[in-house]
Amino acid sequence: MRKIEFGINQQLKELTEHRTDDLSIACYKTTIAEHVQGYIPLHWHDELQFVAVIQGKILFYINEMQLEVTNGNGVFINSGILHMAEDLNEGEQGSYLCLNVAPQSLVPVELNMKYVQPYVTATNLPFLLIEGSSSWGKQVLQGIARVRKEMEEQSPYYELNVAATLLEIWKGLVMNGYSLEHNSADMIRNKRMKDMLMWIHQNYAEPLRLEDIAKVGQLSRAETCRNFKQILRTTPMQYVLDYRIRKSTELLCFSQHSITQIAYEVGFNSTSYFIDQFRKIMKRTPLQYRREMQKGKQPVEGGK
């Protein structure tokens, strides 16, 4: 079976268009193991995201936090927040329903500034665990499933049913009574991190230095390393290495280029070093990975 390629642009923004012809909404099932990378890579999107885990256990990385979400629970991820996801159970594939909603479509435009915008811009609400054991959590998880069913069946007036369900979900979140904060320092830090990651993604094939990355973020080398450690749980240069390996997996799957060609295309100046690093991260050689993907075999779990 052909693996799914998770598309993101140079700014780490997801390329998937989360809408139908009539609604600024998308609701779909995601199985992490079906993706080329073996996990959902770091990305963000303008839409609000409600996730309902329906199988396995999934580890979400959201800003500097890690969140384990098991079957029967979910998570709300706010607009513009960097996040990624991977399976935690080796023996059971993690799957979830994903409901993505444009913030401006939740309520009438007259109510947006009062009931939506303060939550979208709050710096203390990057995500929210949705527990199936709570009344609001149960309501959200059932609502996600209901929206997916409505959008699949498209019975008469289904758009109104979807809109009503979304409003019910959002009203529950608002009524939970969160004390919202809007910290300018956090906003600046998140903007700098996105700028640094975007620059790495645009220049990964070139020789990169820590000093260059720090300059893009207008930070010292030490502060740059602290930000990467806090938000991404890695160092800047290790992130560069991991990203180069990730880009090489795309070329191994979708091009006929030789291993040496791919090594140089993604920024390595030595084929042997590329193979060595690929083996450390992916637990196999590039050639083994290519053969497995061509056969449609599910690779065993590797690193990011």
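Colleague: Which residue in β6 does Q49 stand opposite?

Modeller: In this predicted model, strand β3, which covers residues 48–55, runs antiparallel to β6 and is joined to it by 4 bridges. Within β6, the residue that Q49 stands opposite is I77.

Colleague: And which residue of β9 is the bridge partner of I77?

Modeller: Strand β6 is also joined by 4 bridges to strand β9, residues 127–130, and the two run antiparallel. The bridge partner of I77 in β9 is F127.

Colleague: Are the residues on the two faces of strand β6 buried or exposed?

Modeller: In a regular strand, side chains alternate between the two faces of the sheet. Here G74 and F76 lie on one side of β6, with V75 and I77 on the other. Both faces are covered, and these four residues are all buried.

Colleague: Why is R192 classed as partly exposed?

Modeller: R192 sits in helix α5, residues 184–203, and it touches G217, Q218 and L219, leaving aside residues up to four places away in sequence. Partly exposed covers values between the buried limit of under 20% and the exposed limit of over 50%. R192 is therefore partly exposed, because its relative accessible area is 27%.

Colleague: Which element gives the largest share of the largest nonpolar core?

Modeller: The largest nonpolar core has 39 residues, and those with the most contacts inside it are L197, F228 and Y239. Elements giving two or more residues to this core include β4, α5 and α7. The largest share of this core, 7 residues, comes from α8.

Methods:
Residues numbered from 1 in each chain as written. Predicted model: local features only at pLDDT ≥ 70, side-chain atom pairs only at ≥ 80, totals over all residues. Heavy atoms only, no water. Buried < 20%, exposed > 50% of the residue type's maximum accessible area, 1.4 Å probe, protein only. Pairing = 2+ DSSP bridges. Contact = heavy atoms within 4.5 Å. Core = buried A, V, L, I, M, F, W, Y, C linked by side-chain atoms within 4.5 Å.
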